[in-house]
Amino acid sequence: MSAIRVSGCIPLKGEISIQGSKNAALPMMAAALLHKGLTVLTNVPRIQDTACMMKILEALGCSCIRRECSVFIDAGEIKKTQVPQEYVRSMRSSIILLGALLGRMGQGNCCYPGGCLIGARPIDLHLMALKKMGAVIREEDGIIEACAGKDGRLKGTEIVFSYPSVGATEQALLAAVLAEGVTIIRGAAMEPEISQLCGFLNNMGAVICGAGTKNLMIQGVRSLRDSAFRVEGDRIVAGTYGAAVMAAGGDVTLKGVRPSALKLPLALFSRSGGKVTVSESSGRLQATGIGCEKEGRIRISSKGPAGPLALKTGPYPEFPTDLQSPFMAFLAAGRGVSRIEERVFEGRFGTAGELEKMGALIRLEGKTAVIYGAGSLKGSAVKAADLRGGAALAVAALAAKGETVIGDCRHIERGYEDICRDLSALGARIQWIGE
């Protein structure tokens, strides 16, 4: 397995482009199954999770070709409706393929999903939504078997979510696009990735209203069309690199990400002592039909140890749980007493113990972490326990005196194209090494 070596206390400077969004690209790739033809996605990040999704689609019968940052998916012929277990157990988002298979083929099965060990993350809302649309679901020995009923087509209905789950909202959307009649989703997730998915599906010929709100309406259609669409920049990657500037100091510009999708994290950077300026175009539809370009720029600068913050994670537009660990990292190297309440995934504090090896002072009180800013951290040997936690250790290492070696870095590769490349471009001394 690979590891990352970091020499800290070097301010970051320069500008970089942000990769395409992992959490937007994966459901779009799954949605390609709904169309008996060609789908082209551009700005798709080169990460383990998108590679895994391509393998799943190929196993089901699709032809998938990657050319640079573009992925061409031909789903003209689907040969199988069973998602291979080895992929589902390694990538949680693959569960949404169930809704796409039900919509396209009238049946599908998969095992219970895996992914990062950051909490229970049940799929009861996923299954509830599919059952409401008429799916018959049987669960046995960890395998979920689903069929669309007698005529092989799901039925439009009203779905009310007790919690705005991103995955369950995506599941319902994919299932509803080809369903008979109208589906109304109440209590839907409002994350920017959901709005992107709605835009992508509409570009394919779906009829979805209400994107960006708690209530979505989907008019089922009989078929979709060939399409091309551009994935927006990854707001979580941008937030991670913003946290890196807050940890190490410096002056950095992040390009190719929509600042409005990071409104609260950017406000917290400012509150913690950073200086943030943004520019965002209104967007334009390209003549090629590849989607709506958002050429946003975020400039973040910091001159000293970050000040304390109090924050709570929650569904968008609240603070994203995926940025909780990177924020904990720069706050641990800052000044004052900070408090982070984790209200999404109960296992998100797994990185605290590794940060303590670097001199962080963190006390866990149930769902709350109290961080006593140490002013600086020290280099150490640590291990990445999950995707965002691994990136957080890289953030902490940039603020640490001496050298830090982060082991088990396969987790980081699931969501970051090349974190060493990006941070090196900003002047950091960071490199991949053999473990």
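Visitor: Which residues touch the most other members of the largest nonpolar core?

Guide: L173 and L201, out of 77 residues in that core. Keep in mind that this is a predicted model. Helix 1 (residues 22-31) supplies the largest share of the core, seven residues.

Visitor: Why are strand 4 and strand 13 at the edges of their sheet?

Guide: The open sheet has four strands in the order 4-5-3-13, with mixed pairing. Strand 4 (63-67) and strand 13 (227-230) each have a single partner strand, so one side of each lacks a neighbour in the sheet.

Visitor: How do you know that strand 3 and strand 13 pair?

Guide: A pair needs at least two bridges, and strand 3 (residues 38-42) is joined to strand 13 by four, running parallel. So the pair meets the definition. One example is T39, whose bridge partner in strand 13 is S227.

Visitor: What packs on that sheet?

Guide: Helix 2 (residues 48-60) does, touching strand 4 and strand 5 (70-74), and its direction makes about 150° with that of strand 4.

Visitor: What makes strand 7 and strand 8 a pair?

Guide: Five bridges join strand 7 (residues 136-140) to strand 8 (residues 143-147), and they run antiparallel. E140 stands opposite I143. Two residues lie between the strands of this hairpin, where D141 takes a positive phi near 55°.

Conventions: Residues numbered from 1 in each chain as written. Predicted model: local features only at pLDDT ≥ 70, side-chain atom pairs only at ≥ 80, totals over all residues. Heavy atoms only, no water. Core = buried A, V, L, I, M, F, W, Y, C linked by side-chain atoms within 4.5 Å. Buried < 20%, exposed > 50% of the residue type's maximum accessible area, 1.4 Å probe, protein only. Contact = heavy atoms within 4.5 Å. Axes fitted to C-alpha atoms, helices over the stretch in contact; angles between N-to-C directions.
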